[in-house]
Protein chains: 2
Amino acid sequence: MKIAILGTGAVGRTLAAGLATAGHEVTVGTRDVAVTLSRTAADPMGNPTFTDWRRQHHDIAVESLGEAAAGAQLVVNALSGAGALSGLEAAGEKNLAGKVLIDVANPLDFSRGMPPFLTVSNTDSLGEQIQRRFPGTRVVKTLNTITAGLMVDPAGLAAAGHTVFVSGDDATAKAQVAALLESLGWSDIIDLGDITTARGTEMYVALWARLMGALGTPAFSIKVVR
Amino acid sequence: MKIAILGTGAVGRTLAAGLATAGHEVTVGTRDVAVTLSRTAADPMGNPTFTDWRRQHHDIAVESLGEAAAGAQLVVNALSGAGALSGLEAAGEKNLAGKVLIDVANPLDFSRGMPPFLTVSNTDSLGEQIQRRFPGTRVVKTLNTITAGLMVDPAGLAAAGHTVFVSGDDATAKAQVAALLESLGWSDIIDLGDITTARGTEMYVALWARLMGALGTPAFSIKVVR
């Protein structure tokens, strides 16, 4: 499948590499291709430069947000929570129309340090904001409860039987996303319901952040035991 | 141990019965003993009358909130989220002073139906509100991520290896609560940190509520896989 990953941070890179390894034709979308490709310093999170990462991933194209979205059958929002809506605006409503948009972002505010606060919660969610803004796009919220490395490699945890959630208004879109998740190794996929259920997984990130603090690693996940 | 359970709803009753079965001397505290004992109708949730429940639990005393708290070594807040602070006021600051208070309540607003909203989240939590109001009491938030029946019987789930969390400022109090949890059958107990980490488990309830909707039962829990 032709997949556009919007966002060049750790999440976008990991998803791009994982989906390319799984055999998909992957394009990474970024606001300014020239700027992204000219970065020579590690980012604030300590990740290597995009150029260094790209040397190991020649098969992954880099385009503008709009070009990447226009050429893809399926689009993944891996932008930061704060940059998601403006980034999707830049990608262009017509380039997203009719497509499935997998939203893995969380509306996090790190400006006061760790753990982050949520910029929207309880009565709304980023997933809903995106769905409202792009009514012609079929938004499926998923994978936002899991650190990037495990998104595309759930077996990376020794006890691999953990759970991933999907939220969205379109049943066909959710089925398509579930099939993609299964192809990555996910087996316990819970359909929470419509896009408002994204509030549940986004608010869970408040627990996730405390667990990361307590466990000293982001390499964990949850299994719904029933 | 002499334990006071504040609250006579489904959570209070289940905790009282479970802790009495485990050998503790349990008193249930209620705002007005005469009113509680005179109720002859099922509650809005369909639970049997308190009087009917009590016929099967003669060993459990029923007292006012203040009497129950005064006579106990350890107090459990099993009041509704909306009634917790006023109920604890009625129990009396001096009756709670120096004691461990286990807070299992969630700040839920059911006035707009299911799933509920949180009345406080993100920048504060009910656990913190209680700790601030009763600085001489050692508040430990726990068990609020699990339906009542599983709180005192974690083995009630076939795959019993699920996780319970503790949050609190006092390490000794958390160790005492962890020992009590172990006596009930809990083995995977994660100390999230100080009482501010109660935000994590209270906000998780937003996911819990959607999971209950998707699974059609409250009889589930989560295992932190790492």
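Visitor: Which residue of β11(B) does A:Lys223 stand opposite?
Guide: In this predicted model, strand β11 (residues 221–225) of chain A pairs with β11(B) in the antiparallel sense, and the pairing extends over five bridges. Within β11(B), the residue that stands opposite A:Lys223 is B:Lys223.

Visitor: What percentage of the contact residues of chain B recur in chain A?
Guide: The contact involves 34 residues of chain B and 34 residues of chain A. The same surface serves both copies, and the share of the contact residues of chain B that recur in chain A is 100%.

Visitor: Which element gives the largest share of the side of chain B that touches chain A?
Guide: The elements of chain B that give two or more residues to this side are β7 (117–118), β10 (188–193), α10 (198–215) and β11 (221–225). By class, the residues of the side divide into 19 nonpolar, ten polar and five charged. The largest share, 13 residues, comes from α10(B).

Visitor: Are α10(A) and α10(B) roughly parallel or roughly antiparallel to each other?
Guide: The axes of helix α10 (residues 198–215) of chain A and α10(B) come within 7 Å and cross at roughly 150 degrees, and the crossing is left-handed. Angles over 145 degrees count as roughly antiparallel. The two helices, α10(A) and α10(B), are therefore roughly antiparallel.

Visitor: How many nonpolar, polar and charged residues are in the contact of α10(A) with α10(B)?
Guide: Among the residues of α10(A) that take part are A:Met203, A:Tyr204, A:Leu207 and A:Arg210, while those of α10(B) include B:Met203, B:Tyr204, B:Leu207 and B:Arg210. Divided by class, the residues of this contact are ten nonpolar, four polar and four charged.

Visitor: Which are the edge strands of the open sheet in chain A?
Guide: The open sheet has eight strands with mixed pairing, in the order β3-β2-β1-β4-β5-β8-β9-β10 of chain A, and its twist averages 25 degrees from one strand to the next. An edge strand pairs on one side only, and the strands to which this applies in chain A are β3 (61–64) and β10 (188–193).

Visitor: What angle does the direction of helix α1 of chain A make with that of β2(A)?
Guide: Strand β1 (residues 2–6) of chain A runs parallel to strand β4 (residues 74–77) of chain A and is joined to that strand by four bridges, with A:Ala4 standing opposite A:Val75 in β4(A). Helix α1 (residues 10–21) of chain A packs on the sheet, where the helix touches β1, β2 (25–30) and β4 of chain A, and its direction makes with that of β2(A) an angle of about 165 degrees.

Visitor: Is the crossing of α5(A) and α7(A) left-handed or right-handed?
Guide: The axes of helix α5 (residues 84–91) and helix α7 (residues 126–133), both of chain A, come within 10 Å and cross at roughly 25 degrees, so α5(A) and α7(A) are roughly parallel to each other. The contact is made by A:Ala84, A:Leu85 and A:Leu88 of α5(A) together with A:Leu126, A:Gln129, A:Ile130 and A:Arg133 of α7(A), which by class are five nonpolar, one polar and one charged residues. The crossing of α5(A) and α7(A) is right-handed.

Note on methods. Residues are numbered from 1 along each chain as its sequence is written. Chains are lettered from A and ligands numbered from 1 in the order in which they are written. This is a predicted model: local features need pLDDT of at least 70, side-chain atom pairs count only at pLDDT 80 or more; totals for chains, interfaces and linings use all residues. Axes are lines fitted to C-alpha atoms, for helices over the stretch in contact, and angles run from 0 to 180 degrees between N-to-C directions. Angles under 35 degrees count as roughly parallel, over 145 as roughly antiparallel, 65 to 115 as roughly perpendicular and the rest as oblique. A crossing is left-handed if the near helix is turned anticlockwise from the far one by less than a right angle, and right-handed if clockwise. Two residues are in contact if their C-beta atoms, placed from the backbone, lie within 7 Å. Ala, Val, Leu, Ile, Met, Phe, Trp, Tyr, Cys and Pro count as nonpolar, Asp, Glu, Lys and Arg as charged, and the others, Gly among them, as polar. Two strands pair if DSSP finds at least two bridges between them.
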